[in-house]
Amino acid sequence: MSELPETTPLCPRCAHETIGHIFSSPVPGVWEVLQCSRCLYMWRTSEPARRTRRDAYPEAFKMTPGDIAAAPEVPAVPPLVADYQVTGSAWTP
């Protein structure tokens, strides 16, 4: 994850200053995908202000360093089931 110039805004979710550049649009200059190094929030620069700017981000979803430290662990994705067949919208072992 490369670092962006100092002009990069704060993370919309946790106000952290270290924002990494993840990906650029196939058409140069159209959008960038950014990620906060503290809370791991990711966003595309072409999204609306409520997703990209700290001052417009919904209060209910803002996080503090304490919130992040106390967050429960996200469970791992279970392993795939071997030898299954897809039948319509369901699968059969």
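Q: Which residue's side chain meets Arg53 in a salt bridge?
A: Asp55 does, with an N to O distance of 3.0 Å. Bear in mind that this is a predicted model.

Q: How many salt bridges in total?
A: The count is two. Besides the Asp55 and Arg53 contact, the side chains of Glu59 and Lys62 meet at 2.9 Å, N to O.

Q: And Glu59, buried or exposed?
A: Glu59 counts as exposed because its relative accessibility is 60% and the cut-off for that class is over 50%.

Q: Switching to the inside. Which residues make up the largest nonpolar core?
A: Nine residues: Cys11, Cys14, Ile19, Leu34, Cys36, Cys39, Tyr41, Trp43 and Tyr57. In soluble globular proteins, nonpolar side chains tend to be buried together.

Q: What does Cys11 touch?
A: Leaving out residues up to four places away in sequence, Cys11 touches His16, Ile19, Cys36, Cys39, Tyr41, Trp43 and Arg54.

Q: How many aromatic pairs are there?
A: Three. One of them is Tyr41 with Tyr57: the ring centres are 5.6 Å apart and the planes stand at 75°, so the pair is edge-to-face.

Q: Where do Tyr41 and Tyr57 lie?
A: Tyr41 is in the loop between β3 (32–36) and β4 (42–44), and Tyr57 is in the loop between α1 and α2, so the pair ties together parts 16 residues apart in sequence. Both tyrosines are buried.

Q: Which aromatic cluster do they belong to?
A: Tyr41 and Tyr57 form one cluster with Trp43.

Q: What about Trp31, which residue lies over its face?
A: Arg44 lies over the face of Trp31, 5.6 Å from the ring centre.

Q: Helices next. Where is Thr52 found?
A: Thr52 is in helix α1, which covers residues 49–52.

Q: Buried or exposed?
A: Thr52 is buried, with a relative accessible area of 13%. Not counting residues up to four places away in sequence, the contacts of Thr52 are Pro12, Trp43, Arg44, Thr45 and Glu47.

Q: And Pro65, which helix is that in?
A: Helix α2, residues 65–70. Pro65 is partly exposed, at 48% relative accessible area.

Q: How far is Pro65 from Cys39?
A: Their C-alpha atoms are separated by 8.4 Å, and the two residues are 26 apart along the chain.

Methods:
Residues are numbered from 1 along each chain as its sequence is written. This is a predicted model: local features need pLDDT of at least 70, side-chain atom pairs count only at pLDDT 80 or more; totals for chains, interfaces and linings use all residues. Side-chain values use heavy atoms; hydrogens and water are left out. A salt bridge is a side-chain nitrogen of Lys or Arg within 4 Å of a carboxyl oxygen of Asp or Glu. Buried means under 20% relative accessible area, exposed over 50%, partly exposed in between (1.4 Å probe, protein chains only). A nonpolar core is a set of buried Ala, Val, Leu, Ile, Met, Phe, Trp, Tyr and Cys residues joined through side-chain atoms within 4.5 Å. Contact means heavy atoms within 4.5 Å. Helices (H or I, at least four residues) and strands (E, at least two) are DSSP runs, numbered from the N terminus. Rings of Phe, Tyr and Trp (its six-membered ring) pair if their centres lie within 6.5 Å; planes under 30 degrees apart count as stacked, over 60 as edge-to-face and the rest as tilted. A charge sits over a ring if NZ of Lys or CZ of Arg is within 6 Å of the ring centre and within 35 degrees of the ring normal.
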